Amino acid sequence: MERKFEPGDAVRVLERNQPGHVRTPLYVRGKVGVIERVVGSFPNPETLAYGQSGLPYKMLYRVNFAQQTLWSDYDGRPEDTLEIEIYEHWLEPA
Amino acid sequence: MRGPQDLGGLPAGPVDPVVHEHDPTHWEKRIDAMMMLLFDPKRRLARVDESRRMQEALGEDYHKYPYYERWLQAISWLMLEKGVFSQEELDEKQREVRARLEAERSGT
Amino acid sequence: MSDHHHDLVHATHTHDGKPIQNDDRPPIEAETLETAVRELLMEKGVISADEVRQAIEMMDSRGTDLGAKIVARAWVDDDFKQRLLSEGDAAVREFGVDMRPTELCVVENTAEVHNMVVCTLCSCYPRAILGIPPAWYKRRDYRARAVREPRSILAEFGTAIPEQKQVRVHDSNADLRYLVLPQRPAGTDDWSEEQLAALVSRDSMIGVADIRSPGE
């Protein structure tokens, strides 16, 4: 399956509202991170949730965020990270 | 537009790894078992994402329900949605079960 | 109520005499709904009492032992460890574990890095390896705070993280399930794989605890 991003690419999670079941939590929306790895293609949970097939599959990535970009009041180390899986249709180049 | 399940970063209380620990009760295991059976390749009657959608549909009640009661509600709504049983059948069965459990609990 | 097939799962003892009902009953409304749904599913032929019983037995047999064995193997066998880190699914298949439809992602704790796992949106957990998640893992407090203040959470677990250590939090929100490979404690160089496995705690594999050196 073709993919848009490679490890090391800077990406922004789309800041969009979408009704129904989604797996992109609010706290990463609009935030910039880096592709940590390509996980592979998976059925789309947003349609699986309604009893559909999940087709077409969506490419899934692990995205690495510096904690300080997520929380302005983060009080740990600057190197601390938060890593999370994001489907390709929720990402744009940053 | 925050769903009730989307908790990351919200204010919350301390975690007490001693007090907030309990082995699942037999009742909780029965719910867990039902869900696993409905998900399994033999049945494929539901997907985990469908169960999550139903739990999210609880809205503000999501926070009032203990974990396995959310699962139970999701199972029940999914089976209704898929027509495995009807609301009338469920209501009737609940009346019957309730009477039986009340008698059992009062030791009669 | 002896004429009802749910007797099988309401029984207080299994055939080998072990108690299977281990706790208080829920509120009657909740028990009513559960019993009603289960009996309807049985009457419709969707599930059988025997399948429910077997599923519970399977649940009871799947604790954290498997995870501990996998960790101990990784500590003594570097080839296995590399396989575990690069292709977790294939590596744990050697232990008879089938992760499908999810995939396993193993993250390694080192002198420089501490890893910790949470699922903020529900309570995704590597059940095939660690069984049912602990109650705190499913609670709002852990799910809400683990991504924002991991060091405070670790302190609440009594886990001291040196200030210069990097903390990596993994939000298990989609198709991967996470296992933390804890650091092998000092003073265990001549220990056997079995002895090592006995040291590995559930919490160390979720990343909220370290493993203490024996005698510490």
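1. Start with one residue pair. A:Val11 has A:Gly33 in E2(A) as its bridge partner. The model is predicted, and the points below should be read with that in mind.

2. Strand E1 (residues 10–13) and strand E2 (residues 32–42), both of chain A, are joined by three bridges. The two strands run antiparallel.

3. Now the whole sheet. Seven strands form an open sheet with mixed pairing. The order is E5(A)-E1(A)-E2(A)-E3(A)-E4(A)-E3(C)-E2(C). At the edges stand strand E5 (91–93) of chain A and strand E2 (113–118) of chain C. Each has a single partner strand, so one side of each lacks a neighbour in the sheet. From one strand to the next, the twist averages 35 degrees.

4. Where does chain A pair with chain C? E4(A) is joined by four bridges to strand E3 (residues 166–171) of chain C. These two strands run parallel. A:Ile84 has C:Asp171 in E3(C) as its bridge partner.

5. The contact between these chains takes 16 residues of chain A and 16 residues of chain C. On the chain A side, E2 and strand E4 (81–87) each supply at least two residues. E4(A) gives the largest share, five residues. By class, the chain A side has eight nonpolar, two polar and six charged residues.

6. Chain B also meets chain C. Here 49 residues from chain B and 51 residues from chain C are in contact. Three elements of chain B give two or more residues to its side: helix H1 (26–39), H3 and helix H4 (87–105). The largest share, 11 residues, comes from H4(B). The chain B side divides into 23 nonpolar, 10 polar and 16 charged residues.

7. Within chain B, look at a helix pair. The axes of helix H2 (residues 48–56) and helix H3 (residues 67–81) of chain B come within 8 Å. They cross at roughly 110 degrees. H2(B) and H3(B) are therefore roughly perpendicular to each other, as angles of 65 to 115 degrees count as such.

8. Which residues of H2(B) and H3(B) meet? From H2(B) come B:Glu50, B:Ser51, B:Met54 and B:Gln55. From H3(B) come B:Arg70, B:Trp71, B:Gln73, B:Ala74, B:Trp77 and B:Leu78. By class, this contact has five nonpolar, three polar and two charged residues. H3 of chain B is also among the elements on the side that touches chain C.

How values were computed. Residues numbered from 1 in each chain as written. Chains lettered and ligands numbered in written order. Predicted model: local features only at pLDDT ≥ 70, side-chain atom pairs only at ≥ 80, totals over all residues. Pairing = 2+ DSSP bridges. Axes fitted to C-alpha atoms, helices over the stretch in contact; angles between N-to-C directions. Contact = placed C-beta atoms within 7 Å. Nonpolar A, V, L, I, M, F, W, Y, C, P; charged D, E, K, R; others polar. Parallel < 35°, antiparallel > 145°, perpendicular 65-115°, else oblique.
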